[in-house]
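Here is a short briefing for a first look. Keep the sequence and the 3D view open as you read.

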Amino acid sequence: MQRLSEATPRIDDRVDFNDVESIKKELMHFMVHVVGADPTYATEENWFYALAFLVRGKLSELYIHSARAQYDRDTKRTYYLSMEFLTGRSLVKHLYDLKIIYNVRRALEELGIGLDSIAELEFDAALGNGGLGRLAACLLDSMATHGYPGFGYGIRYAFGMFNQRIESGQQVEQPEQWLRHGNPWEYPRPEVLYPVRFHGTVLRFRNADGKETCQWVDTDDVIAMAYDVPVSGYGSTIVGNLRLWTARATHDFDLSYFNQGNYIDAVRDKTTSENLSRVLYPADTTLMGQELRLKQEYFFVSASLQDIIARFKRTHRNLDMLPDRVAIQLNDTHPALAVAEMMRQLTDIHGYTWEQAWEITSHIFHYTNHTLLPEALETWPISMLESVLPRHLEIIYQINHRFLQQVKYTFPGDTGALRRLSLIDDDSRRVRMAHLAIVGSTRVNGVAELHTNLVCQTIFADFHHMWPHKFVNVTNGVTPRRWLLQANPGLSSLISERIGDSWITDLSSLKELEAHISDDTFIERFHEVKHANKNRLARLIDTRLGVQVDPSSMFDVQVKRIHEYKRQLLNVLHVINRYNRLRDRHDIDTLVPRTVIFAGKSAPGYYMAKLIIRLIHDVAEMVNNDPKVGDLLKVIFVPNYNVSLAEMIIPGSDLSEQISTAGTEASGTGNMKFALNGALTIGTLDGANIEIRESVGNENFFEFGLTADEAQELRLQGYDPWQFYRRNRDLMRVLDMIGQGFFSPGEPDRYRPIFDLLLKGGDHYLLLADYASYVACHQERVDAVFRNRKDWARRAAINVANMGHFSSDRTVHTYARDVWNVKQMALFE
């Protein structure tokens, strides 16, 4: 078989990015020949697209070189399957990665254009919502930076999740039209098409060789079409790829319906099919919404596996060596159907026996678990799978039957183990997708030490007993290129002046900053950088919300998805308590001025989370306009939180709120971003908070609240939130204000559901149990340290110096060694 690289021509650069005149010349060329605009009258948007297409061309050259090298060497690749890739804006990232940002900035300036101005025109790619998608983006960045052959697969959502607007204090969802003006970074691949099938029936018969064969027939088909987005790495000649699927109908237009005047039915197939790739996480509060989400997950999984197999068969005659050349990482349970789909592909299409197919399948997949909450572990009704994916349900039944035979031998006489471990929940008649992922994977990893330990001891304890070798820990990390170099250029420059720039690709180098912690000049400059970032954030708040905040106040920040377990509500309880103390003039001299900043989206159907957002706004309305409080306390909610907004908020933060109930957060990566940018953490011993505290030192981390063991013990003893309510007068006052309408006088019962949730509903996430500890930590420790600005800056600098462990580079190196068994490629010239 001919190697691809032998017959392909060399690709030569058109532009010398080391030469400003060459950059200017090529920008003019792209403006005229690609954008189609006259440079004399070009708009800033025209210049953005001219530069983006020029940079994309360079990335394409590097990607083609990378792909040729991988095929030529028959390299093992990692394929990362994720429903989310929260990449943010790409222009400035690529300029940093290619190390051309300074020359490009100068070339644009000589043409009368500001790089910062045109970079602001780029929309954030609406391909994710929270930490799951941002982790995926960080890992792709690290794979490219360090030369690991990696490939991402996801969905090209036409409208993302939603744009969040706030009207009368309430979240309102609007379509996220990020593709309105096109996406300059993507390459449509109309030649890369795969059929994806739904519904139908399964036929069984024996073929000419007497072998039982299955055919899935009479299906409703959709076409998956690929879009490729290059993934750059810092200073690396290896460029990865993110392949995104969009849904197309097998028949876009029915002329017979149209000619009959039935214009709606004429395009019904097109509309129905394309719904699969319109929105991230369609609301699943209805059966139709649930079915759409199931179809969406299978659509992305089936197209991706067909593509992986097709790529492999370019250079291999059969699929026998697939596990030696392919590692597939399942990012959470959303892609878990890949296990059943791979079995279908191997047995029904490629002719492997069940035993052969399972040997291949079970050595390809690896599963990352991201939650300890049983209710968050995805399951699907058997009746729905039977209708939508009948062949896959048969395969799942077969996997389960064979697996339970093993369970019998591992737990002899324990019928309860069969029930606990089964892929099928017989009580609810649902398929447990996490169980399918575990059974079908070689490695299962948690994302922080505590999380992995709890995975092995609680929700998957029986699986761990069967296969202890399967379970490993890979603590999450964040890319320092996006979250320090790009987001915080002032701090990046200060660090590089002191220790050089090796930290950009080896974050452990930050440890060298410890030698400068005792240098008053360094600490003063560190403080100046933080203050400049706070000024920038204050301007953004004023521009977007019309609220003026004092940059010298403590910027106390909690930005993340709105969810009960993340306990934004606990933060609000403290804000109200602080407000009461200021109004009462109680210990007013001990309370430092604070600006409390929230941001985050609630799922559209999550009533309680949306009510908490409304409460934050009503509290803010009261606090921000009370003359007795003045600038001593401000409450801010910044709408439509995304990556670009995070890049503004995180560098300007003093205090990072990481206050989830211990034992509920898998890891968190926001905690890492804040500490890396010089914010001190107030947090429970949950997720990666534990490892951060160990790294930075107890004295530089504001710990409060119950531990995971203590929380479990309290529940077992019979937790009664009323006891905490009655014992604590301040807490009683705060909750009564909420429940009796102090913040909603026109609608006194508006927040009664919150009062009832915490007291009558049992306070599942233990807010009242942790309240006193949380408030005391704020008032007795946080305020006291912040009054000494030099000491605060010193502690913040210590945090930065000890964040080396929390790089996604370290995460990827660990995956490559302990999970994927892939090697770095030598960077080529």
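Buried means under 20% relative accessible area. Y774, at 0% relative accessibility, therefore counts as buried. The model is predicted.

**Aromatic pairs**

- A search of the whole structure finds 24 aromatic pairs.
- One of them joins F460 and F463. This pair is edge-to-face, with 6.2 Å centre to centre and 75 degrees between the planes.
- F460 is buried, at a relative accessible area of 1%. F463 is buried too, with a value of 1%.
- The rings of F704 and Y774 also pair. Their centres are 4.9 Å apart and their planes stand at 45 degrees, so this pair is tilted.
- F704 sits in the loop between β22 (702-703) and α28 (708-717), while Y774 belongs to helix α32 (residues 767-786). The pair therefore ties together parts that are 70 residues apart in sequence.
- F704 is buried, with a relative accessible area of 3%.
- Ring pairs also build a cluster, linking Y79, F151, Y153, Y194 and W245.

**Charges over rings**

- R56 places its charged end over the ring of Y187, 4.0 Å from the ring's centre.
- K295 lies over the face of F198, at 5.5 Å from the ring centre.

**An open sheet**

- Strands of a sheet pair through backbone hydrogen bonds, in a parallel or an antiparallel way.
- Here, three strands form an open sheet, in the order β12-β14-β13, and the pairing is antiparallel.
- β12 (379-381) and β13 (424-425) are the edge strands, and each pairs on one side only.
- Three bridges join β12 to strand β14 (residues 430-432) in the antiparallel sense.
- P381 has R430 in β14 as its bridge partner.

**Helix α31**

- Which residues of helix α31 (residues 752-759) are buried? They are I754, F755, L758 and L759.
- What covers the buried residues of α31? The cover includes α23 (568-584), α24 (607-624), α29 (721-727), α30 (729-739) and α32.

Technical notes:
Residues numbered from 1 in each chain as written. Predicted model: local features only at pLDDT ≥ 70, side-chain atom pairs only at ≥ 80, totals over all residues. Heavy atoms only, no water. Phe/Tyr/Trp six-rings, centres within 6.5 Å; stacked < 30°, edge-to-face > 60°. Buried < 20%, exposed > 50% of the residue type's maximum accessible area, 1.4 Å probe, protein only. Helix = DSSP H or I, 4+ residues; strand = E, 2+ residues; numbered from the N terminus. Lys NZ or Arg CZ within 6 Å of the ring centre and 35° of its normal. Pairing = 2+ DSSP bridges. Contact = heavy atoms within 4.5 Å.
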